[in-house]
Amino acid sequence: MNRPRSSNGDEADRPNLNNLNANMKDEKTTHSTTAAANNTNPTTAVINSNRIAYGQYQIDLYFQALTTGKKPITTTDPNKLEQQAREAMSPQGFNYVFGGAGEQATMHANRLAFRQWKVIPRMLRDTLPRNLSVKLFGKTYDSPILMAPIGVQSAYHPDAETGVAKACAALNIPFIYSTASSTPLEEIVAALEETEPPEPSPETEEPASAAEPTTTAPLQTPAEGKETEATRPHTSSTSTLVPDSKPSPSRWFQLYWPVDDDITASLLSRARVAGCEVLVVTLDTFTMAWRPLDLDTGFLPFAVGEGNALGFSDSVFRQKFTDKFSSSGEDQVEDNILAASRYWAGEVFSGHAHKWEDLATLRKLWGDRPIVLKGVLSVEDAVLAARSGVDGIIVSNHGGRQLDGAVPSLEMLPEIVDAVGDRLTVMFDSGVRTGVDVLKALALGAKAVLVGRPVIYGLGIAGTDGAKHVLASLLAEVDQSMGLLGAQTVGELNRSMLRKISYGGDVKTSL
Ligand SMILES: Cc1cc2nc3c(=O)[nH]c(=O)nc-3n(C[C@H](O)[C@H](O)[C@H](O)COP(=O)(O)O)c2cc1C
């Protein structure tokens, strides 16, 4: 069996840690003691159990330090991760990830929005066994975390998309493949298939789903004793089953929507064949934004063929390129990378937004698997999305990389959930840096949360192992913090556990 190696490549046997971990006392807990005992490195210790003992990772890190003196492969401090990545990565690669649009006002507002919500923990509640699973579109996922689609990963580390996809697979986190990837989709799938997937979570078990049904109380409901009266159950009626999906590792496909329907059809057909379960259509990036850090260094990867792997490996795109650009009728993409790059960028970042009625084309091409719109920020668009027949939305401002001055997505999340949460699966991203951030978004009604930059910083610092460490740390923090908050399942998280503070928010906003 191919077991992923630890962050430090340390495969040495080590003793059972049960006595160190209060969570492990109870045989009925979600945590498989044998898994913890048998596994020999930090990130495998959290998998291969009936359910996943995410919090165990914290114990593993202490144990590693105590027994070997080894420190975590990247810092576990979210406020220091960015600086560590800056020191490890090439300046262009780092700037591309770190940078936001304009004066980065939205990027900072995303963090401030999180700081303006505080959690109200509840005491004297048994929070074991803890269950982080959620149900999305009829499928149970082990945790509410998804890997955000991030383009051009070869610019950050040679492990690139394949490394991040492997890290996600090791932790049962769905990997969302970006249209702007630097690795062809099929190459990643082949690499994943070489690695034995972790055991799937039992589908028969009743999940503590945030999605179906969930409980969402009105804002600022008094916490004391109100969970049952004040919560408002709603179900996601559009939870399309995914009949032909593989149990895990799970992958979704993100589309930058080409102008040419033939190319779109070809990309979606490949994504279906590759086993992508959900189509994520990104709406906010039909044109490049004003990004000063990249402008000042002249870094535009797509112009020189980087991040175009999906298009360059597409037979329909390639044939069209030859037909349009080859005077001899024989030139291939590789014969004129600059022209091919211009053609591809003109397709996916054309400057022309598609229209709501065009979604019918995507539905026809994608069939009955779920479609999710990413980049919805207004209640009005969320309502249009619900009417359009898609299955879900991701409330997102692209991490502040597109329209500078756009509202923080967290600010809009509750209103959007209230408007369409009974019809659409509402997910969230932009600004998630900590486990508690994840819990806040879930408590405000998100069914799942996408994580972006922190994982890429992990990748930039230490490749696949770095990405895996960041994800494992985040999951551990979600797990531990959920217990401290007084919740046993994701479905218990609701707005009665939150308070929006009336002062100006925390002063320190370094993230
Ligand atoms: C370097 C970088 C590249 C990205 N590439 C894509 C992409 O190809 N497709 C997409 O839909 N979103 C893309 N995004 C946006 C992310 O999916 C996500 O919305 C964003 O990272 C959330 O912000 P956060 O990372 O600050 O939390 C990218 C973000 C970053 C930082």
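This is a predicted model: local features need pLDDT of at least 70, side-chain atom pairs count only at pLDDT 80 or more; totals for chains, interfaces and linings use all residues.
## The chain as a whole

The chain has 511 residues, and 53% of them are buried. Its secondary structure comprises 18 helices and 14 strands.

## A run of parallel strands

β10 pairs with strand β9 (residues 279-282) in the parallel sense, over four bridges. To see one of these pairings, find V280, whose bridge partner in β10 is V372.

β10 also pairs with strand β11 (residues 392-395): four bridges join them, and they run parallel. Here L373 stands opposite I393 in β11. To get from β10 to β11, the chain crosses through helix α15 (residues 379-388), and this β-α-β crossover is right-handed.

## On to strand β12

Together, β11, helix α16 (residues 409-420) and β12 form a right-handed β-α-β unit.

Which way do the residues of β12 point? In a regular strand, side chains alternate between the two faces of the sheet. In strand β12 (residues 425-428), T425 and M427 point one way, while V426 and F428 point the other way. All four of these residues are buried.

## Two helices that cross

Next, look at helices α17 and α18. Two packed helices are described by the angle between their axes and the distance between the axes. Helix α17 covers residues 435-443 and helix α18 covers residues 453-485; their axes come within 7 Å and cross at roughly 60°. The two helices are therefore oblique to each other. The crossing of α17 past α18 is right-handed.

Which residues make the contact? From α17 they are G435, V436, V438 and L439, and from α18 they are L474, E477, V478, S481, M482 and L485.

## The loop between β1 and β2

Most residues other than glycine have a negative phi, and most peptide bonds are trans. The loop between β1 (117-119) and β2 (134-136) holds P129, and the peptide bond joining L128 and P129 is cis, with omega about -5°. L124 is found in the loop between β1 and β2 too. Although L124 is not a glycine, it has a positive phi of about 55°.

Is L124 buried or exposed? It has 5 other C-beta atoms within 10 Å, and a residue with 12 or fewer counts as exposed, so L124 is exposed. L132 is in this loop as well, but it counts as buried because it has 25 C-beta neighbours inside 10 Å, where 20 or more are needed. What does L132 touch? Leaving out residues up to four places away in sequence, it touches Y54, D142, S143, P144, V478, D479 and V490. The C-alpha atoms of L132 and T489 are separated by 5.9 Å, though these residues are 357 residues apart along the chain.

V152 lies in the loop between β4 (145-147) and α6 (160-170). This residue is not a glycine, yet it has a positive phi of about 50°. V152 has 23 other C-beta atoms within 10 Å, so it is buried.

Finally, find F312 in helix α11 (residues 309-312). F312 counts as partly exposed because it has 19 C-beta neighbours inside 10 Å, and a residue needs 20 or more to count as buried. Leaving aside neighbours within four places in sequence, F312 is in contact with V333 and A340. Its C-alpha atom is separated by 9.6 Å from that of Q332, which is 20 residues apart from F312 along the chain.

Technical notes. Residues are numbered from 1 along each chain as its sequence is written. Two strands pair if DSSP finds at least two bridges between them. A crossover is right-handed if, with the strands pointing away from the viewer, the path from the first strand over the helix to the second runs clockwise. Axes are lines fitted to C-alpha atoms, for helices over the stretch in contact, and angles run from 0 to 180 degrees between N-to-C directions. Angles under 35 degrees count as roughly parallel, over 145 as roughly antiparallel, 65 to 115 as roughly perpendicular and the rest as oblique. A crossing is left-handed if the near helix is turned anticlockwise from the far one by less than a right angle, and right-handed if clockwise. Two residues are in contact if their C-beta atoms, placed from the backbone, lie within 7 Å.
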